[in-house]
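Here are my notes from a friendly first look through this structure. I wrote them as I went along.

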Amino acid sequence: MSRNIAEAARKFLLLGQCVPTVKQNATKIRVKRLELDENLLMYFRKDEFYYCHDPDQKCKTGDIVLIQSLPRKLTKLITHEVKEVVYPFGDITDPITNKKVAKERYREDIEKEAEIYGKLESGFDYNKALPRGWQDGKKDFTSKPTYTKFHVFDENDPYAI
């Protein structure tokens, strides 16, 4: 019985968010799950981390991705593979209405509100915004290798986590 459950679990797709990692040739994915506390009969969030095989380096930090278990482990840590990037970081689409979302509001509702009350000069315009990655190497350092900072120094390194 438990063997059948383990085989079925390998076929499931998991939805998670890409987080920074120091491991080379792998992507670290955080999957949020709810775990039942038997005493309180309440569900509490539990984060599980998976190292995924991503040879094309198609996901960046913050992306929402689908992962699936590998039929055979590549290494001791790498047990899953990235199937696809569902939502790039900062570009969320409501799956029911297919409208773009900014936080908890639709972008078109924000634009309508700006037309009614007057658009601010400092307001962000999503239509004029360049795609993600155009600041790579200037202000966006998500493609650079990261490492864990164990000591505190006077100089602050932007690649440390």
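I started with Leu 36, which counts as partly exposed because its relative accessibility is 34%; partly exposed lies between buried, under 20% relative accessible area, and exposed, over 50% (1.4 Å probe, protein chains only).

A note on what I was looking at: this is a predicted model, where local features need pLDDT of at least 70 and side-chain atom pairs count only at pLDDT 80 or more, while totals for chains, interfaces and linings use all residues. Residues are numbered from 1 along each chain as its sequence is written, and side-chain values use heavy atoms, with hydrogens and water left out.

Next I looked up where Leu 36 sits, and found it in strand β2 (residues 27-37). Strands here are DSSP runs of E, at least two residues, numbered from the N terminus.

Then I followed β2 to its partners. I found 5 strands closing into a barrel in the order β1-β2-β3-β5-β4, with mixed pairing; two strands pair if DSSP finds at least two bridges between them. Strand β1 (residues 13-19) pairs with β2 in the antiparallel sense over 3 bridges. Across that pair, I saw Val 19 opposite Lys 28 in β2.

Which strands form the open sheet? I noted 3 antiparallel strands in the order β6-β7-β8. β6 (92-93) and β8 (105-106) stand at the edges with a single partner strand each, so one side of each has no neighbour in the sheet. β6 pairs with strand β7 (residues 100-102) in the antiparallel sense over 2 bridges, and there I found Ile 92 opposite Val 101 in β7.

Definitions and conventions
Helices (H or I, at least four residues) and strands (E, at least two) are DSSP runs, numbered from the N terminus.
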